[in-house]
Every structure is written in structure tokens, then in C-alpha cells.
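Colleague: Hi, I'm new to this one. Can you put it on screen and walk me through some of the side-chain contacts?

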Amino acid sequence: MPRFSFDIAATDGTARTGRIAMQRGEIRTPAFMPVGTAATVKAMRPEEVRASGADAILGNTYHLMLRPGAERVAKLGGLHNFMGWDRPILTDSGGYQVMSLSELTKVAEEGVAFASHLDGSRHMLSPERSIEVQRLLDSDIVMQFDQLVPTTSTGVEQREAMQRSIRWAKRSREEFDRGGEHAERAAIFGIQQGALDEDMRQASAGALIDIGFDGYAVGGLAVGEGQEAMLGCLDFAVDMLPADKPRYLMGVGKPDDIVEAVRRGIDMFDCVLPTRSGRTGQAFTADGPINMRNARFAEDQEPIEPGCPCSVCTKFERAYVHHLVKSGEILGAMLMTQHNLWFYQRLVQGLRDAISEQRLNEFAREFLGRYRRA
RNA sequence: GCGAUCGUAGCUCAGCUGGUUAGAGCAUCGGUUUGUGGUACCGAGGGUCGGGGGUUCAAGUCCCCUCGAUCGCC
């Protein structure tokens, strides 16, 4: 088995479909990776995640290093063994969480000192430590440690964070290469930063390519800038990344974001929306998202999404799911999450098929027309 | 039957010695959530202050009657 390979089977415009082959399995692209932050795709058993069509999931350096601890996971045989998922796992480096979750962060060239959101305990995350944690987890796709800044930051702050992310990318790559056996079976991705600025995106991409990575992520988007701005950025940012490597848009997104990003050449996605929304009452359907808490579903005997082949829609009615969600029942979160994961996987399968058959534009027009009509 | 305490939003209650348009939490109705804190946040509707009478410039608040609840005592 190869350590890591990416084969493009077909293209349609700037969109591509293909597969990433790794020792723990292959990832069909465009791919959607459900988020399993704390060694669990919340409310789902691993076999249910797999049954939805997911080829890989995302795990999280920040959360797992705080609890249960990376060394403990390593002692227990690695993250795959620990959580019962034997296919590829991509691990986020913690750069995003340090910005979004922890308090009292102090960013220096060495790394980031922060206080845990769980108990306030003090920790340090550097490129070296982030990669080490990901190695202890036995991650398949390791992400470089990067620095994000809020959308409200100034151009100077954005540039400094982008340049620091480049230096951290180099250190991440070097630490990864020191990983011995792990480096021989895992892959590492760099992360392009630069906010919405074309020159900064170019500088970031160029530097990452010089360092050399197995895949390249577009980072720092979907953080409040709005869809129009994000797509405008992708219009120039994606093409700066090597065409023969996977391109991963981090943290995105809504179904229509994914369709638009695939059209612009993105191959991989992760997002909390299908799982988090599942827990908070929002269900995705071809006719747009619906809030299952709404009173209009109280006696609705249709499935969540008419025509959906998932095991939730073939068995349960909206009225029942509405009741479960409103009652805060655990099963409500489970059923909603399962449906949403199926919806996302059916979407990327539809995109893969459409690209293979050179009809992506029709697919996109049809999907978006129906999805956004709501 | 007598005495005490209490009746304010669907529920639990706050409204100091009378003083703008009677509030809160929960519930209800709706919205937001993009490299996850089973969350959090935003907005809306909802009241003859148990009922009646009186005092006063002004009553949820004071007085009288009445209805109801809870507790205690014959």
C-alpha cells in the first residue's frame, strides 16, 4: 500500500473527482469528513458514520491533548483503536481552537500559551508539540500548526499571522519528518492563510509549496466573512495550490458552500454543521434546511426529507423526531445527526458523479436552485 | 365554624414605606450557529395584578366585602 497518493479520475472545469489512497483506506474526492472532535462523531457509532458513506473523519489535537491526553491515547493503542474507527483520520492541529475556544492566549514565535476551556489549566502548543500530539494519536493526515486571526483584525495583524504560519509550517514539516515510523505511513498538509487578500494568499501558497506538503488546505475562511467574500477569495486562492495535490477547505461548510467550492477546485471538506445542527434541531434537506423544533412539524407524518434513503427517513416521521428534539431526548440527536450525515455524503457523492459525467454545472444549478429556493 | 397566611404571564415567583408604559427565570413561538463547549446567543407573543366596592391627584401596593387555596384550632 502506498503511504499517500492522489489520483484524479475526471475533471469538469476546475472541479475534480478522484481518490486519495492511504494505508488505512481510500478517500473519495470531493470528500466530506464528519467532525469527531473528542474521539467521537457525537451521537454516532463508528459503523453508523461509515454507513453514511464517510471515508474519513476529523479528530482534534486541542481537545484530545486536554482530555483524555495524547500520551494516554497512545498508550491505549492510538486514536483508531481507542474510538473504534479503522479508516483514515485527519487531525486538526489546534490552531483554530486556540483562537476560538481558549482564553488568556499568548502568541509568541515559539508557540501559543493558553488556558484550557475545561479547567483553566495552562498549556503550550507549538508546531513541534502539535505534530507530536498528532503522532501520538497516530493521525493519518496531520495538519500543520497555524495561526488564525479574527476577521476584525487589521491587515498588519493578518500579514503577521500569515507569515508566522509559514514559519510554523516549516517547523511542522520538520517535526513530522522526525517522526520515524509514523512519517512513513502518514501524510502532512500545509495551510494557506492570508485572509481575503490575493497577494497574501499568493505569498502563503508559494512558501508552502517550497516547503512541500502532501496536500494543501485553504485556512482562515468561513469565519464570519460571508459566503460571497469567501467564494470571491476561493476564485483566486485555489488555483495557487498545486493541481496534483488534494485541496482542503477547512471548516466548510453549508451544503451550498460545498457545491460552490467544489466548482472552484476544492477536494476535501470538514464541518460541524451536520452533526451540531443534528443536536440543535436543524435538518438538511434538498429543499433547504428545516428547523425540526418548529411547531408545524408536530403532526407531520412525512419523513425528515421525503425521498431520502437513510435509515431514519425510511422509518421515522417528522412528528416523532420533532417530539424527541423538543424533549431533549438523546435519540433525537442521534436520528437528526444520522440523517444529516447521510445528506452530506449523498451531496458529495452527487458531486463526484456529476464531475465524472461532465455535468457539474447542471447538477449545481439544479441543486442550488432547489436548496436556496426555501 | 374561627384564626393565620397567600392569590401578579402557561408554571415558579419579584415588585421596598402608594408614584412613568407591571418585571424575571422557565415554558411557548421564531431566528442564528462553518478546522464542535450536547452549547450559546438574538428576537417575539403572552397580564381585566382572583372578583366587586371605596380612600387618593395617583392603588398590584391602603380599607371594606366577596370567592378560592394552604395551614392551624374547635
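Colleague: Okay, picking a spot: is Glu128 buried or partly exposed?

Modeller: Keep in mind that this is a predicted model. Glu128 counts as partly exposed, at 23% relative accessibility.

Colleague: Which side chain does Glu128 meet in a salt bridge?

Modeller: That's Arg171, with 2.8 Å from N to O. The two sit in distant parts of the chain, 43 residues apart: Arg171 is in helix α7 and Glu128 in helix α6. Arg171 is buried, with a relative accessible area of 17%.

Colleague: How many salt bridges turn up in the whole structure?

Modeller: A search finds 29. One of them joins Asp214 and Arg3, at 2.7 Å from N to O. Asp214 lies in the loop between α9 and β12, and Arg3 in the segment before β1, so this pair ties together parts that are 211 residues apart in sequence.

Colleague: And why does Asp214 count as buried?

Modeller: Because its relative accessibility is 7%, and buried means under 20%. Arg3, at 28%, counts as partly exposed.

Colleague: What about Asp256, which residue does it form a salt bridge with?

Modeller: With Arg372, the closest N and O atoms being 3.4 Å apart. Asp256 is in helix α11 and Arg372 in helix α15, 116 residues apart. Salt bridges that share partners also join these two into one network with Asp235, Glu260, Arg263 and Arg264.

Colleague: Switching to rings. How many aromatic pairs are there?

Modeller: The search of the whole structure gives 12. Take Phe343 and Phe367: their ring centres are 6.4 Å apart and their planes at 45 degrees, so the pair is tilted. Phe343 belongs to helix α14 and Phe367 to helix α15, so the pair ties together parts 24 residues apart in sequence.

Colleague: Are Phe343 and Phe367 buried or exposed?

Modeller: Buried: Phe343 has a relative accessible area of 4%, and Phe367 comes in at 13%.

Colleague: Then how are the rings of Phe363 and Phe367 arranged?

Modeller: Those are stacked, because their planes are at 5 degrees, with the centres 6.3 Å apart. Phe363 and Phe367 are 4 residues apart in helix α15, about one helical turn. One aromatic cluster includes Phe343, Phe363 and Phe367, along with Phe32, Phe284, Tyr344 and Tyr371.

Colleague: Last one: which residues form the positive surface patch?

Modeller: Lys42, Arg67, Arg276 and Arg279. Arg279 lies in helix α12 and is partly exposed, with a relative accessible area of 36%.

Conventions:
Residues are numbered from 1 along each chain as its sequence is written. Chains are lettered from A and ligands numbered from 1 in the order in which they are written. This is a predicted model: local features need pLDDT of at least 70, side-chain atom pairs count only at pLDDT 80 or more; totals for chains, interfaces and linings use all residues. Side-chain values use heavy atoms; hydrogens and water are left out. Patches are made of residues with over 30% relative accessible area and no salt bridge: like charges are joined within 9 Å, nonpolar side chains (Val, Leu, Ile, Met, Phe, Trp, Tyr) within 5 Å. Accessible areas come from the Shrake-Rupley method with a 1.4 Å probe; for residues, only the protein chains shown count as cover. A salt bridge is a side-chain nitrogen of Lys or Arg within 4 Å of a carboxyl oxygen of Asp or Glu. Lys and Arg count as positive and Asp and Glu as negative; His and the chain ends are not counted. The place of a charge is taken as NZ of Lys, CZ of Arg, CG of Asp or CD of Glu. Buried means under 20% relative accessible area, exposed over 50%, partly exposed in between (1.4 Å probe, protein chains only). Rings of Phe, Tyr and Trp (its six-membered ring) pair if their centres lie within 6.5 Å; planes under 30 degrees apart count as stacked, over 60 as edge-to-face and the rest as tilted.
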